[in-house]
Amino acid sequence: MNKPLRHVWLVVGMLFLLLFTSTTYFQVVAQGRLNADGRNARTIYNEFGRHRGPIVVDGTAIASSQESGDTYGYLRTYDPGAMYAPVTGYYSVIYGFSGIERALNDTLSGDADALFYQRISDILSGEQGQGATVELTLDSRAQQVAWDALGDQRGAVVALDPSTGAVLAMVSTPSYDPNLLASHSSSEVQAAWTALNEDPARPLTNRATGGDLYPPGSVFKLVVAASALDSGKYTPETVIPGPGTYQLPNSSSVMNNRAGGDQTPCGPDDSSTLTDALRQSCNTSFALLGQELGEDQLRATAEQFGFGQRMEIPLAVTASTMGTDLDGAQLATTSIGQYETRVTPLQMAMVASAFANDGVVMEPQLVQSVRTSDLSSIAELTPREVGQPLSASNASEMRGMMIETVENGTGSAARIEGAEVGGKTGTAQWGEGRAPHSWFVGYAQMGDREVAVAVLVEEGGYGSRVAAPIAKEVMEAVIWR
């Protein structure tokens, strides 16, 4: 072979090598990055050109895919949109996805490993592939009642089945219409996105599971009381001090015994039983009790309730926290749910659920089942324990104290005729010159029906007046069926 011909073959060989290398790189090495690139129109068309599985509540699809008749193929629709939006999230051509749409994207799109045989079956039968159906644990009636009860107020409601951890209601207000973000009109979607992100009320935030955490105020006294019982040093009848005021250790600050600056002591001789202190929500009693227990004991109990744990239900849940390396004054204010104690409403619903479930905290879960297009089940809710912060006998004693709080104390607005209801109100200070957040945390049982609930209303004022009536309506929706 002459020299010029060898040069030609060398050049051709190099070109084939470069072609092979570049093809391998783009098809294998860079595939994931390129598919995830938002500028890749082919990926977008491929994603929206598939029939996405529905999200279902009580047998009715609240998110589904409809043929769109345009280049995208399918349009994601939500009905009712805003009431479920903090859970379902949105599915947008421009801004991606959130909520369940994001957490279970592979399942809904049909790409999950568990759907492999379904995909093969669809190919062999010539049928168009589609994603799996995701059935949520939500109770449509409880969800509607919680949504209506919160109304125009900013806040959140979470209701749980104490024995399984199933989420029966999860409402966050204000909310938004995910249909606006699912539109195939880029200009409409961008306008909606801008308006939602510029809204100071933060409608895109799921207040039930994350965003800015909240000081729990007096509902945290449930954790302190549980810790006291679990220490073995206290019973519901143990007499504890409850002066009208308390000079915080090594501080110029003075704690008043009750909300609004009320300095009335708890009981005669500035003392009362633990039950009465919880019923009256005595600040000084729990500040002193928390210091007696100590930071380590209190933290250990809180962690058994789920504090400090980042969960996925499958929505990501921000971990609830309490301060660290606390001095005497900080521990005192922590014990009444102030200082650096910050929680999600979901976490406080978990606290309530433990008392109704003999001291065991179950992991909250939003998915009841996942089914293929032929209704074959590929996943079912499996209850899982998070921790056991107190024994069954101590949980029973906590229920007794919480019942007393509802029957004869600050939680009377949550009372339900013919049902066992226990709970605790909270009025959480959080900002100078700002109205306090309103809380109610509790449970209800009637026959074999039970529910644990947490209600938060931002700047709602007294929990006994605002949050407790909302909790009553939601609990009734679950147990009166």
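Trainee: Which residues of helix 18 are buried?

Mentor: They are Ala467, Ala468, Ile470, Ala471, Val474, Met475, Glu476, Ala477, Val478 and Ile479. Buried means under 20% relative accessible area, exposed over 50%, partly exposed in between (1.4 Å probe, protein chains only). This is a predicted model: local features need pLDDT of at least 70, side-chain atom pairs count only at pLDDT 80 or more, and totals for chains, interfaces and linings use all residues. Residues are numbered from 1 along each chain as its sequence is written, and side-chain values use heavy atoms, leaving out hydrogens and water.

Trainee: What do the buried residues of helix 18 pack against?

Mentor: Contact means heavy atoms within 4.5 Å. Here the partners are helix 8 (140-150) and strands 7 (155-160), 8 (167-173), 19 (420-428), 20 (437-446) and 21 (449-457). Ten of the 13 residues of helix 18 are buried, so the rest of the structure largely encloses this helix.

Trainee: How many helices and strands does the protein chain have?

Mentor: Helices (H or I, at least four residues) and strands (E, at least two) are DSSP runs, numbered from the N terminus. The protein chain has 18 helices and 21 strands.

Trainee: In what order do the six strands of the open sheet run?

Mentor: Strands of a sheet pair through backbone hydrogen bonds, parallel or antiparallel. Two strands pair if DSSP finds at least two bridges between them. The order here is 3-2-1-6-16-17, with mixed pairing. Strand 3 (74-78) and strand 17 (377-380) stand at the edges with a single partner strand each, so one side of each lacks a neighbour in the sheet.

Trainee: In which sense do strands 1 and 6 pair?

Mentor: Strand 1 (residues 55-57) and strand 6 (residues 133-136) pair in the parallel sense, over two bridges. Valine 56 has glutamate 135 of strand 6 as its bridge partner.
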